[in-house]
Amino acid sequence: MSASDNDLQPEEFAQAAADAIADAQARGFREAATVLASAGLCGVCANEDAGGLALGIEFALPIAAEAGKLRLQWPLLETILIAKALGDSPLAAELAGGQRVATWALQGSLQDGFAGHARYARDCDWVLVANGQGGGALLDLASVEIQDDAALDPEHPQSWLTLGGARVLAEVDASTFTALQRDSEILIAGFVNGAAEGALAATAAYMSTRVQFGRPLSAKQAVRHLLARMRLVQEASNAGIQRVLRTDEDGRVRSTGPVLANALANAAFVLEKSIHLHGGMGFTWEVPLHYALREVRKFDAAFGSGSLARKAGLDFIQSV
């Protein structure tokens, strides 16, 4: 399938994704896999021979944004990317069909013998890790030792993996793995930006309905200024994400690092201010904005807690 043959537009996937994600949220981990796969979300970029739609990463982006907006606690981004990387392999078909679920360890490598920052590893079947030679390796999680790291999220901790006896299910070559890393940074940026969009919408609605001294809180100048600032940085992130999908003026592929760094910083700002404007209610079951903030902070830690921004600055200085 191709976008041109069917006149598909990426934004059309957002509503379908939202419905499926909302359904999956109310189900267990394995039932959620079936729901998301049945809606075509897991295989949106997977090869047609593996049961996927074979669409570009721009079609997965609105799905990632909706997952962030609705605070999906499931490794949808990782499953989409790994299903794409596996091509027409039967393993890709299992991911696209929801029979298996995969995650990605963003730090470490098979060569090092350890990997870390893998989301939902205890519930998944497979994990993708760097092989230490430029490529990647898909491992059976039943063959690795898993240690949870609950520092940033006690309810959905990231995991560190000891890979001494890991069983390799498939190899990903260097060129495919490099392309996959670029796609992952785009989808993660979309995910955290979606989380910020969801928080901003909830905050604006709350500020317009909460009344103090006879006026809604949104009528207060200080609140309006803060909401405007939150909208500004959220839209700046969105513009950067859309821009990185296209080549630059010289036809070169744009770097995703600065876009992801900006999206992570802006999403954290919006979420923290949203929790503040809710008067602390963002840390309750009724207004669970802290779940989204935890996901942003986990991704930030996986990429070095600000190191992306430092690298972007250094690259710019060196380019001059």
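D315 is where I'd like to start, everyone: its relative accessibility is 36%, so D315 counts as partly exposed. Keep in mind that we're looking at a predicted model. The side chain of D315 meets that of K311 in a salt bridge, with 2.8 Å from N to O. If you find helix α11, residues 307-319, you'll see both K311 and D315 in it. They sit four residues apart, which is about one turn of the helix.

Let's move to another pair, D23 and R27. Here too the side chains meet in a salt bridge, and the N to O distance is 2.8 Å. Buried or exposed, or something in between, for D23? D23 is partly exposed, at a relative accessible area of 31%. R27 is partly exposed as well, with a value of 39%.

Now have a look at D248. Its salt-bridge partner is R252, and the closest N and O atoms of the two are 3.2 Å apart. What about the accessibility of D248? The value is 16%, and the cut-off for buried is under 20%, so D248 counts as buried.

How many salt bridges are there in total? The count comes to 20. Some charged residues go beyond pairs: a network of salt bridges links E78, R119, D153, E155, R294, E295 and K298.

The largest nonpolar core holds 106 residues. Which element gives the most to this core? That would be helix α7, residues 174-209, with 14 residues. Among the residues with the most contacts inside the core are L36, V44, W74 and L187.

Let's stay with L36 for a moment. Leaving aside residues up to four places away in sequence, L36 touches A20, I21, A24, L41, C42, L72, W74 and L76.

My last stop is L163. Where does L163 lie? You'll find it in the loop between β6 (158-162) and β7 (168-172). L163 has a relative accessibility of 3%, so it counts as buried. Its contacts, again not counting residues up to four places away in sequence, are S109, L110, G113, F114, A115, V129, L139 and V144. And for a sense of distance, L163 and A67 are 96 residues apart along the chain, while 30 Å separates their C-alpha atoms.

Terms used. Residues numbered from 1 in each chain as written. Predicted model: local features only at pLDDT ≥ 70, side-chain atom pairs only at ≥ 80, totals over all residues. Heavy atoms only, no water. Salt bridge = Lys/Arg side-chain N within 4 Å of Asp/Glu carboxyl O. Buried < 20%, exposed > 50% of the residue type's maximum accessible area, 1.4 Å probe, protein only. Helix = DSSP H or I, 4+ residues; strand = E, 2+ residues; numbered from the N terminus. Core = buried A, V, L, I, M, F, W, Y, C linked by side-chain atoms within 4.5 Å. Contact = heavy atoms within 4.5 Å.
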